[in-house]
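Visitor: I'd like to learn how to read a sheet and a ligand site from coordinates. Could you walk me through one?

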Amino acid sequence: MSELDPSLRALAEGSIQQLREAVAAYKNVCYANSLGSESMVLVDLIWSFVPEIQVFTVDTGRLFPETYELVDRLQQRYGRAMYVYYPEARELEAWVAANGINGFRDGLNERLTCCHIRKVAPFRRAVAGRGAWVTGIRHGQSASRSLAQRVEWDAEYGLQKISPLLDWTERDVWDYIRAKGLPYNSLHDAGYPSIGCAPCTRAVAPGEDERSGRWWWERAESRECGLHPRRRIAPAAAPADAPAGAPEPLQTSVQLVP
Ligand code: SF4
């Protein structure tokens, strides 16, 4: 890691140490690769230094073409396979038949159910029977994520949740990506700091909250897919750009996973 400046190298070494401790402490540790900018750092750390951790991702079926391209570039760069989990076909077919191909736009419950079928349920299959999963969340990403711990029990899925990048800033992430010449989603250069499904992600203006482009019609506290349950935090006002007829803001203690 000689290409990194001392402070960034120290951050990276701390994250590697945390990953190694997780492998030593828990069985079958996996990394749920969200394919965002933080994921490029974690894939590099894991496949370069802690390859015992299995890397997987979830293909919801609604990802951007640029995201699929990124999966291919990652696999080619490292010469390793990333396991891809998919939604259960019959469950998805039944939901689309009942709600329409874009039924997630009809309300918060519909959005959460779509996220559950396309993302949460495949994720649940991926982590079943494992001792820990690794995430790329950072304290600076959202009010909810600012309360995350390095290691915490994930009661929803029944395993430990390891977050080795909590102390990294967005700038640290990009300094690492550039210093090491890592691949990344080309949409980041078009104003997309956080990238999920194509119909539920939009570009944001410079300086805007980096997750404000995800489910932008909802209030900030509900903008999670269900993989990272929200913590109780102070209620906030409804967003000024909420469309007429948008669902009422959620109470922050409501469980995301239906
Ligand atoms: Fe469905 Fe949007 Fe959630 Fe993707 S992000 S699973 S399209 S609701």
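Guide: Two strands pair if DSSP finds at least two bridges between them. Helices (H or I, at least four residues) and strands (E, at least two) are DSSP runs, numbered from the N terminus. This is a predicted model, where local features need pLDDT of at least 70, side-chain atom pairs count only at pLDDT 80 or more, and totals for chains, interfaces and linings use all residues. Residues are numbered from 1 along each chain as its sequence is written, and side-chain values use heavy atoms, with hydrogens and water left out.

Visitor: In what order do the six strands form the open sheet?

Guide: In general, strands of a sheet pair through backbone hydrogen bonds, either parallel or antiparallel. Here the order is β3-β2-β1-β4-β6-β5, with mixed pairing. β3 (83–85) and β5 (151–154) each have a single partner strand, so one side of each is left without a neighbour in the sheet. From one strand to the next, the twist averages 35°.

Visitor: Which helix packs on that sheet?

Guide: That's α5 (residues 108–127), touching β1 (30–32), β2 (54–58), β3, β4 (132–134) and β6. Contact means heavy atoms within 4.5 Å. The direction of α5 makes about 160° with that of β2; axes are lines fitted to C-alpha atoms, for helices over the stretch in contact, and angles run from 0 to 180 degrees between N-to-C directions.

Visitor: Does β6 pair with β4 in the parallel or antiparallel sense?

Guide: Parallel, over three bridges, and alanine 132 stands opposite glutamine 160 in β6. With β5, strand β6 (residues 159–162) pairs in the antiparallel sense over four bridges. Glutamine 160 is also the bridge partner of tryptophan 153.

Visitor: Where should I look for positive phi?

Guide: Most residues other than glycine have a negative phi. Asparagine 28 has a positive phi near 50°, in the loop between α1 (6–25) and β1. Leucine 35 has one of about 70°, in the loop between β1 and α2 (37–49).

Visitor: Which residues surround the ligand?

Guide: A residue is near a molecule if one of its heavy atoms lies within 4 Å of it. Phe104, Arg111, Cys114, Cys115, Arg118, Cys197, Cys200 and Trp215 surround the ligand. Counting Ala, Val, Leu, Ile, Met, Phe, Trp, Tyr, Cys and Pro as nonpolar, Asp, Glu, Lys and Arg as charged, and the others, Gly among them, as polar, the shell divides into six nonpolar, no polar and two charged.
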